[in-house]
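Dear colleague,

Please find below the structure I wished to pass on to you, together with its sequence. My findings follow directly after it.

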Amino acid sequence: FVQVAVLFEGGLVVVAVVLGWLLGHPPAPEIKWTAQGAAWGVAASLPPMAVLLFCVKFPIWPWADVLRVVEKLLVPLFRDCRLIDLAVISILAGLGEEMLFRGVLQQAVAGWVGGQTGMWVGLAVVSVLFGLAHLITPAYGVLVGLIGLYLGWLRIYTGNLLVPITAHAVYDFLALVYLVRLESGRQ
């Protein structure tokens, strides 16, 4: 599973680079490799993590359904992963998905629409696409779409693709460690 996950998420980096080149929105120049950007990204991972912890501690509908699906489908896939495996998968997911969704697609849609309106249309359209790409259940798709909205807003607010990349990667790692190692170990 680790090899498939690494190939898939790493493949998204290649897709983002090629699609970005074809659409005239290469994602690499949007990444400003700074300590400040990385720090903002780490800090920005905390609100989604707080939402996850809230949903776990107070499993009300529809989040209770989401947690059941996560426990049935996702936790078993990652159960045998080492911490380094979870870290590599998380880093590649943050890099590949953010380069594709925020670095290429959000920028392309914004450019097609143009102006201030385009920036917000790009954010909305790509957040919906992000949720649809993660559509395990309708509630999970909505939750991921909202996280996509947050990550896209971070991209706009900071002007640095490194911030949502880091936030996504750190959140995925913390969430996987929590759900796979800590929460599932209590049951």
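By class, 36 nonpolar, two polar and three charged residues make up the lining of the largest pocket. Please bear in mind that this is a predicted model. The volume of the largest pocket is about 1,000 Å³. Its lining comprises 41 residues, and those closest to the centre are Leu74, Glu97, His134, Tyr140 and Asp172. Two or more lining residues come from each of helix 1, helix 3, helix 4, helix 5, helix 6, helix 7 and helix 8.

I turn next to the nonpolar cores. The largest nonpolar core has 28 residues, of which Ile31, Met49, Leu52, Val56, Val70, Met99 and Leu179 touch the most other members. The elements giving two or more residues to this core are helix 1 (2-23), helix 3 (46-57), helix 4 (63-78), helix 5 (83-113), helix 6 (115-133), helix 7 (138-158) and helix 8 (162-186). Helix 8 provides the largest share of this core, with six residues. Another core, of eight residues, lies apart from it; among its members are Phe78, Cys81, Leu176 and Val180.

Within the largest core, Val70 may be of interest to you. Not counting residues up to four places away in sequence, Val70 touches Val75, Pro76, Tyr140 and Leu179. Of these, Tyr140 is also one of the residues closest to the centre of the largest pocket.

When residues up to four places away in sequence are not counted, Phe78 touches Phe1, Leu86, Ile89, Leu176 and Val180. Phe78 and Arg181 are 103 residues apart along the chain, and 9.3 Å separates their C-alpha atoms.

Ser127, a residue of helix 6, is likewise buried, with a relative accessible area of 4%.

Finally, I would draw your attention to the backbone at Pro62. This residue is found in the loop between helix 3 and helix 4. A cis peptide bond, with omega about 5°, joins Trp61 and Pro62.

With kind regards

Note on methods: Residues are numbered from 1 along each chain as its sequence is written. This is a predicted model: local features need pLDDT of at least 70, side-chain atom pairs count only at pLDDT 80 or more; totals for chains, interfaces and linings use all residues. Side-chain values use heavy atoms; hydrogens and water are left out. A nonpolar core is a set of buried Ala, Val, Leu, Ile, Met, Phe, Trp, Tyr and Cys residues joined through side-chain atoms within 4.5 Å. Buried means under 20% relative accessible area, exposed over 50%, partly exposed in between (1.4 Å probe, protein chains only). Helices (H or I, at least four residues) and strands (E, at least two) are DSSP runs, numbered from the N terminus. Contact means heavy atoms within 4.5 Å. On a 1 Å grid over the protein atoms alone, a cavity is a set of points where a 1.4 Å probe fits but cannot get out, and a pocket is an open set with protein on both sides within 12 Å along at least five of seven lines; lining residues have an atom within 4 Å of a point. Grid points are joined across faces, edges and corners, and a volume is the space filled by probe spheres set on the points. Ala, Val, Leu, Ile, Met, Phe, Trp, Tyr, Cys and Pro count as nonpolar, Asp, Glu, Lys and Arg as charged, and the others, Gly among them, as polar.
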